[in-house]
Amino acid sequence: MQARAIETRYKGYRFRSRLEARWAVFFDNLGVDWEYETEGYNLGDAGWYLPDFYLPNIKDGLWVEIKAVKPTPQEDAKLLALVDATGKCGTFRVGEPMINVQLGEFNHLNDKHTDGSLHADNAAMNCPNGRWDAPYIFCLCNHCGKVGFEFDGRGDRVCSAIDHSSHHGDKGYSGNHPKILAAAHAARAARFEHGSRT
């Protein structure tokens, strides 16, 4: 018998799994606006698709699809079709928001190489017209505190308050910012027991 995810209530929403609910807790603790399963799409040859999350204030709108395991090629194709159809970027997040203690930074993956280093395969951000890059992680602008989703967690790319004219003007790595770490811990510690109205 195949195990089934437990539907979970949080903030008036009925999530298809606790994993999705934990990501909602993560977004709430970061102060990131989110929408859950707001619209389904007919993507033609790719089929029908109901994306998990839409973050309207991240990257001019970002689709976030939550998976317990690495996405299949068919799931990859659907996300890419959604990105092209809507003109908004999209990403898979595999597993819970977690702390990668070995590297001392925040990451969103639990799929590791045999040597313990993290896969970047599912940390990619896919954008219209086939553009993609990895790894992308949530981070903060070190100057204004705005949350973003940037390559390598480079917080200096989140807002325009930074002078990027210098050689190192787009770094400001902040994927391990205390606010990010606290949000990940809150997500992992969240309890949704027996009708809890968290």
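Trainee: Does Glu65 count as buried or exposed, and at what relative accessibility?
Mentor: First, a note on what we are looking at: this is a predicted model, in which local features need pLDDT of at least 70, side-chain atom pairs count only at pLDDT 80 or more, and totals for chains, interfaces and linings use all residues. Residues are numbered from 1 along each chain as its sequence is written, and side-chain values use heavy atoms, with hydrogens and water left out. As for the term, buried means under 20% relative accessible area, exposed over 50%, and partly exposed in between, with a 1.4 Å probe and protein chains only. Glu65 has 6% relative accessibility and so counts as buried.

Trainee: Which residues is Glu65 in contact with, leaving aside neighbours within four places in sequence?
Mentor: Contact means heavy atoms within 4.5 Å. By that rule Glu65 touches Tyr49, Leu50, Pro51, Asp52, Thr91, Phe92 and Arg93. Its side chain also makes a polar contact with the side chain of Tyr49, at 3.2 Å. A polar contact is a pair of N or O atoms within 3.5 Å; within protein, one must be able to donate a hydrogen and the other to accept it, and residues adjacent in sequence count only if both atoms are side-chain atoms.

Trainee: Which strand holds Glu65, and what stands opposite Glu65 in β8?
Mentor: Helices (H or I, at least four residues) and strands (E, at least two) are DSSP runs, numbered from the N terminus. Glu65 belongs to strand β7, and Phe92 in β8 is opposite Glu65. Two strands pair if DSSP finds at least two bridges between them; here six bridges join β7 (residues 62-67) to β8, and the two run parallel. Between them the chain passes through helix α2 (residues 73-86), making a right-handed β-α-β crossover. Right-handed here means that, with the strands pointing away from the viewer, the path from the first strand over the helix to the second runs clockwise.

Trainee: Which residues point each way from β8?
Mentor: In a regular strand the side chains alternate between the two faces of the sheet. In β8, Cys89, Thr91 and Arg93 point one way, while Gly90, Phe92 and Val94 point the other way, and all are buried.

Trainee: In what order do the six strands of the open sheet come?
Mentor: Strands of a sheet pair through backbone hydrogen bonds, either parallel or antiparallel. This sheet reads β3-β6-β7-β8-β11-β12, with mixed pairing. β3 (35-36) and β12 (131-133) are at the edges with a single partner strand each, so one side of each has no neighbour in the sheet. β3 is joined to β6 by two bridges, running antiparallel, and Glu35 is opposite Tyr54 in β6. Two bridges also join β8 to β11, again antiparallel, with Thr91 opposite Met125 in β11.

Trainee: How many disulfides does a search of the whole structure find?
Mentor: A disulfide is a pair of cysteine sulfur atoms within 2.5 Å. The search finds one: Cys89 and Cys127, whose sulfur atoms are 2.2 Å apart. The link is right-handed, with 105 degrees about the S-S bond. Cys89 lies in strand β8 (residues 89-94) and Cys127 in strand β11 (residues 125-127), so the pair ties together parts that are 38 residues apart in sequence. Both cysteines of the pair are buried.

Trainee: Which residues touch the most other members of the largest nonpolar core?
Mentor: A nonpolar core is a set of buried Ala, Val, Leu, Ile, Met, Phe, Trp, Tyr and Cys residues joined through side-chain atoms within 4.5 Å. The largest has 34 residues, and Phe26, Phe27, Trp34, Phe53, Leu55 and Phe138 touch the most other members. Helix α1 gives the most to this core, with eight residues. A second, separate core of eight residues includes Tyr49, Ala81, Leu82 and Phe92.
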